[in-house]
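Try each task yourself before reading its solution.

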Amino acid sequence: FYTSTTLAQPLLNKGIYINGSFNTSRKNWPPDLKVNKRLKKSEDKIRGLKRGESVARQSTDGKMTAVAWKDSAVVFNLSTCHNATVNERKDTVERKIRTKEGWNKSTLPCPPSIIEFNKFMGGVDRHDHLRSSYSLQRKTSKWWLYFAWFAIDLCLVNAYLLWKSRNPKANHK
């Protein structure tokens, strides 16, 4: 949830593109892509989306695109490297959906920005997972000490990954 329009604009001016999940309570998110809990679910445009449906809005200059896509829950995405045109590539994702007969595989249409976000977000999540197993992180009121513990954890994870590249049969334990 570190993606924001106030971050996206300066980065774009420097030629750096972003694509990330968005917390809709932040400033400058299109109001028609926000969930309105005062309305009934059937009347709210975002909560009323069916699985696989999406709604997108593009800034007036065409540089930022906001997308709301319904998977099992609504996913919000902000991108400076995609536009709001209809998905010409016909991207889909495969999901297991529970029916009366049991679990069935189904393909759902998915916006390109969501596909690429899911494709490339794994590095941060993988690092957080590896770091959480044997973290040296401690609670502290000093901000610089927090970053020192984080840097040590980061070095340990990177050392493990380098060691694993030479010893493929090694495990994290």
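This is a predicted model, in which local features need pLDDT of at least 70, side-chain atom pairs count only at pLDDT 80 or more, and totals for chains, interfaces and linings use all residues. Residues are numbered from 1 along each chain as its sequence is written, and side-chain values use heavy atoms, without hydrogens and water.

**Exercise 1.** Find how strand 2 and strand 3 are joined.

Solution. Begin with the terms: strands (E, at least two residues) and helices (H or I, at least four) are DSSP runs numbered from the N terminus, and two strands pair if DSSP finds at least two bridges between them. As an example, look at Val55: its bridge partner in strand 3 is Ala68.

**Exercise 2.** Work out the strand order of the open sheet of 4 strands.

Solution. The order is 1-4-3-2, and the pairing is antiparallel. Next, look at the edges: strand 1 (19-21) and strand 2 (54-58) each have a single partner strand, so one side of each lacks a neighbour in the sheet.

**Exercise 3.** Check the span of helix 4 (residues 143-166).

Solution. The expected span is 1.5 Å times one less than the number of residues. For the 24 residues of helix 4 this should give 34 Å, and the end C-alpha atoms are 35 Å apart, which agrees. Now find its buried residues (under 20% relative accessible area, 1.4 Å probe, protein chains only): Asp153, Val157 and Tyr160 are buried in helix 4.

Methods
Buried < 20%, exposed > 50% of the residue type's maximum accessible area, 1.4 Å probe, protein only.
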